[in-house]
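Q: Please take a close look at how one chain meets its neighbours in this assembly. Which residues and elements build the contacts, and how are the copies related?

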There are 6 protein chains.
Amino acid sequence: MNDTLDEFKEYREKMNKKILASGNQQIQRFFNLDTRAYEPGALPSKTKELLGLVASVVLRCDDCVTYHVIRCEEEGVTFAEFYEALNVALVVGGSITIPHLRRAVERLEECKQLEKSSPKSRRA
Amino acid sequence: MNDTLDEFKEYREKMNKKILASGNQQIQRFFNLDTRAYEPGALPSKTKELLGLVASVVLRCDDCVTYHVIRCEEEGVTFAEFYEALNVALVVGGSITIPHLRRAVERLEECKQLEKSSPKSRRA
Amino acid sequence: MNDTLDEFKEYREKMNKKILASGNQQIQRFFNLDTRAYEPGALPSKTKELLGLVASVVLRCDDCVTYHVIRCEEEGVTFAEFYEALNVALVVGGSITIPHLRRAVERLEECKQLEKSSPKSRRA
Amino acid sequence: MNDTLDEFKEYREKMNKKILASGNQQIQRFFNLDTRAYEPGALPSKTKELLGLVASVVLRCDDCVTYHVIRCEEEGVTFAEFYEALNVALVVGGSITIPHLRRAVERLEECKQLEKSSPKSRRA
Amino acid sequence: MNDTLDEFKEYREKMNKKILASGNQQIQRFFNLDTRAYEPGALPSKTKELLGLVASVVLRCDDCVTYHVIRCEEEGVTFAEFYEALNVALVVGGSITIPHLRRAVERLEECKQLEKSSPKSRRA
Amino acid sequence: MNDTLDEFKEYREKMNKKILASGNQQIQRFFNLDTRAYEPGALPSKTKELLGLVASVVLRCDDCVTYHVIRCEEEGVTFAEFYEALNVALVVGGSITIPHLRRAVERLEECKQLEKSSPKSRRA
């Protein structure tokens, strides 16, 4: 990994702000739909974040994987659940997903580390 | 759709049988891992089948979508849950997934129809 | 091709109607964004439809290709322009796109044929 | 499968002819490069056709798979070699490739059948 | 981004030179076709570069996106046109393209910055 | 490239160890199948590694490409064979694979360099 979780978040927010300030209203609406797709409904957010995680792994997008690893963590996905979801992604998507699995696991460890060092601040 | 659910199942079983009879042991083991990935563990089968469905839609494989629609149905996924999962797939994978959404919805209707006409035989 | 242009359109409309009637508001909004993305703005519709065509060819979705071939035709894309756009898609996406090129060209011919047989009705 | 090997070949040739007759010289050159990529060089044609087969399976293009199955057959790829190549594709590309594996195996059987019924005519 | 526009260009040129010096004539010809696909013909270069940009975003290749952002800039694509093209890519390719959108926008800003600091040298 | 061959190998081994220590038995079995797919059988390892290389290029995974470049080197793939395999990947996968070709060639040079500086240690 070339950046820390904090660097990832900072870059993501900075650039999203620029995109949303561009004046292209349709992109703004897409971003809004993207956020809402993971809100609780008939399915809880936890399940939806797992869906987002697996979709990101099989489509092999590290930034999307990082984002959903963070969100899965916040939704209380356990270690065993996390690995079972990754296994579904691995079987569906094949060995080409393994480098992304490695980075997903590294991101999970970063999340756990942050959690340990300041359990409260994370949800602040 | 060019084939019915029954034709789909028949072709799938016939060809899987041939592949498994080929003598290539590693392919046999892969097929075994594929089956086991959706068995209940830390995550229930229902969640795993939804993961398989969304992965299949974003990777745009109609046969895989058909298979997971059938299995989701068997696991009791509701109409609203089904559509929320498809919405996650649509947002992640974009409009290029829409033709597969159309066929997923057609398959869902076929399942419901079969269910209605012979509710018991389906699980026999 | 297994279906005619008319069959394609009929199936597409029938299933879209079902999806939009499902009550999932977010999918409705996505479909709306999809339609609006090709409306004239800073770029004319013709250019946007060519963008949609090339994106569909490199992502290798026959139904999406068919849709954009029809729309390109309506926007007055010429034979030479059509082939130059397909050439960009072919170079970017490689020989794996060739089967989709073949079907795109078949669809283009169907459009021209329909045009010839009833030039007015098409725009009615 | 919706078409026989003969129908596949006929459609492919008919449409390729139209594309090459379009006057777009760059597409003609691409088609030429595509043909030449599998000619013997430092690597024999047999190995190159296996490369084309595996690339086609992991990219999940049935028509490309069919084409390379036919060519592998002509290059004398054995049953065991064929399955080992498919296994590499399956492991790299995951279960999402399985429907294409089924159709690849069906195509292989069609080739063997044609071979048996008229061993000479095939190479005529 | 881990490299500047200048570093990107330098690496690209250095490695392309090595590939072209390898003696593999077919790769040389492919590179030639790649360059020529964007030359003006029935469609102007500006449109073709937009096609290349959108194809690169939906196929999610940062280096290809960077290249076409630079070229679009040179062809005079406006800010609003750029965002409308990105919106087509976003709708077709889904949220999985968003990380690439962020980097595309960063590259666009780098181009604008270079333009401002030395408007003439860029075209020298 | 942001990391050397040694850094690549170290990270890969460290993270694979963590994944295999997670207790998820199915992932362990998948990793085992992945290793075994390239062992000599009806096809020699050299051919299988070339299959893995081409599959990795068309699916555009740099880490997978790096891994198979190293393995191809160990199996004695010559410079000309290497480029012919890359040409098949380029033709099948299109210009979108070119950035990966550049990095593949850089990796190949790193391998040759290591070979020269300590020809024995590499196979130790």
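A: In this predicted model, chain A and chain B bury about 2200 Å² between them, and carbon and sulfur atoms give 78% of that area. Leu51(A), Glu84(A) and Val91(A) together supply 25% of what chain A buries against chain B, more than any other three residues. The contact draws 25 residues from chain A and 25 residues from chain B.

The polar part of this interface comprises 2 salt bridges and 6 residue pairs in polar contact, both residues being at pLDDT 80 or more. One salt bridge joins Lys48(A) to Glu84(B), with the closest N and O atoms 2.8 Å apart. On the side of chain A that touches chain B, the elements giving two or more residues are α2 (25-36), α3 (45-58) and α5 of chain A. By class, that side has 17 nonpolar, 4 polar and 4 charged residues.

The area buried between chain A and chain F is about 1800 Å², of which 64% comes from carbon and sulfur atoms. Here Tyr83(A), Ile96(A) and Arg102(A) supply 34% of the area that chain A buries against chain F, more than any other three residues. Chain A contributes 19 residues to the contact, and chain F contributes 20 residues.

Between chain A and chain F there are 2 salt bridges. Two or more residues each come from α5 (79-93) and α6 (98-117) of chain A on the side that touches chain F. Of these elements, α6(A) gives the most, with 8 residues. The residues on this side of chain A divide into 9 nonpolar, 4 polar and 6 charged.

As to the relation of the copies, a rotation of 120° with 0.0 Å of shift along its axis superposes chain A on chain F, with an RMSD of 0.0 Å. The two copies are therefore related as by a three-fold rotation axis. Within chain A, the C-alpha nearest that axis belongs to Asn2(A), which lies 4.8 Å from it. Only 11% of the interface residues of chain A are also interface residues in chain F, so the copies meet through different surfaces.

Definitions and conventions:
Residues numbered from 1 in each chain as written. Chains lettered and ligands numbered in written order. Predicted model: local features only at pLDDT ≥ 70, side-chain atom pairs only at ≥ 80, totals over all residues. Heavy atoms only, no water. Contact = heavy atoms within 4.5 Å. Buried area = accessible area lost by both parts, 1.4 Å probe. Salt bridge = Lys/Arg side-chain N within 4 Å of Asp/Glu carboxyl O. Helix = DSSP H or I, 4+ residues; strand = E, 2+ residues; numbered from the N terminus. Nonpolar A, V, L, I, M, F, W, Y, C, P; charged D, E, K, R; others polar. Least-squares fit on C-alpha atoms with pLDDT ≥ 70 in both. Polar contact = N/O pair within 3.5 Å; in protein donor to acceptor, adjacent residues only side chain to side chain.
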